[in-house]
Amino acid sequence: MTKPLANRIALVTGASRGIGFATALALAKAGAHIVATARTQGGLEELDDEIQKEGGSATLVPLNLTDSDGIARLGAGLHERYGKLDILVGNAGVLGPSSPVGHIELKTFNDVMAVNVSANFQLIRCMEPLLKQSDAGRAVFITSGAANKATAYVSPYAASKAALETLARAWAQETANTKLRVNLFNPGPIRTRMRATLMPGEDPATLETPEQVAEFIVPMCAPDWTETGKFYDYKTRSLMSFRSPA
């Protein structure tokens with residue numbers, strides 16, 4: 001039986017662990033060829049092993065997403081090899097410091113913005129032409145409730161996710177009349193290394209897993225997904241539209 005994502009090319013960032021790893025594997029199980037990026041070579045090789053066990057295939061791209069030229073080279077390589085990109089999952093992100101705003105160094109703030117915002121901006125620039133070559137290009141960016149809650153003591157992270165949401169929404173509006181669909185996904189508290197860093201006293205057994213989350217991201221990457229500019233909230237299992245403040 002033909003798999004639902006057979007012959008589709010999926011780029012997943014931050015794919016060496018957590019939600020990125022689980023999403024890449026789930027997309028591979030659905031038939032997509034995975035182009036996996038991360039800074040950690042070992043984590044990518046573990047992903048490749050798991051994908052091969054499922055009979056899937058992957059291309060591993062060790063890449064620090066702050067390397068904007070590297071992202072451009074990746075786009076050029078995808079164009080040369082495939083001539084298109086069907087799926088982009090912008091998952092890679094960093095938490096940054098847990099500290100009052102006034103105690104955070106400018107470089108530290110900029111480092112968070114570089115990964116969480118600027119890298120995704122560069123991905124959009126370099127991958128949009130390829131996604132538009134697909135018969136059903138799909139982009140999903142992983143966000144956080146911190147963006148709208150303005151969570152105290154993680155201001156760089158919260159600000160970066162708010163910026164990412166606005167960037168993705170603007171892109172969704174710009175491409176609304178094309179075959180490209182652009183959406184955001186908020187996983188909420190999940191059993192990841194980032195969550196453990198933020199909440200070291202929390203029992204991870206009380207949290208849902210990246211694998212559970214990935215099962216909800218995969219449908220947003222499928223050709224039959226028609227919504228764009230929306231926000232999927234995993235905790236409530238609901239697809240939301242953005243509304244202006246009252």
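Biologist: What makes Phe 185 count as buried or exposed in this predicted model?

Modeller: Phe 185 has a relative accessible area of 0%, and buried means under 20%, exposed over 50% and partly exposed in between, with a 1.4 Å probe and protein chains only, so Phe 185 is buried. This is a predicted model in which local features need pLDDT of at least 70 and side-chain atom pairs count only at pLDDT 80 or more, while totals for chains, interfaces and linings use all residues. Residues are numbered from 1 along each chain as its sequence is written, and side-chain values use heavy atoms, with hydrogens and water left out.

Biologist: How do you know whether Tyr 234 is buried or exposed?

Modeller: Tyr 234 has 2% relative accessibility and therefore counts as buried.

Biologist: Why is the aromatic pair of Phe 216 and Tyr 234 called edge-to-face?

Modeller: The ring centres of Phe 216 and Tyr 234 are 5.2 Å apart, with 80 degrees between the planes; rings of Phe, Tyr and Trp (its six-membered ring) pair if their centres lie within 6.5 Å, and planes under 30 degrees apart count as stacked, over 60 as edge-to-face and the rest as tilted, so this pair is edge-to-face.

Biologist: Why is Phe 216 called partly exposed?

Modeller: Phe 216 has a relative accessible area of 31%, which is why it falls in between the cut-offs for buried and exposed.

Biologist: What makes Arg 237 sit over the ring of Tyr 234?

Modeller: The charged end of Arg 237 is 3.9 Å from the ring centre of Tyr 234, and a charge sits over a ring if NZ of Lys or CZ of Arg is within 6 Å of the ring centre and within 35 degrees of the ring normal.
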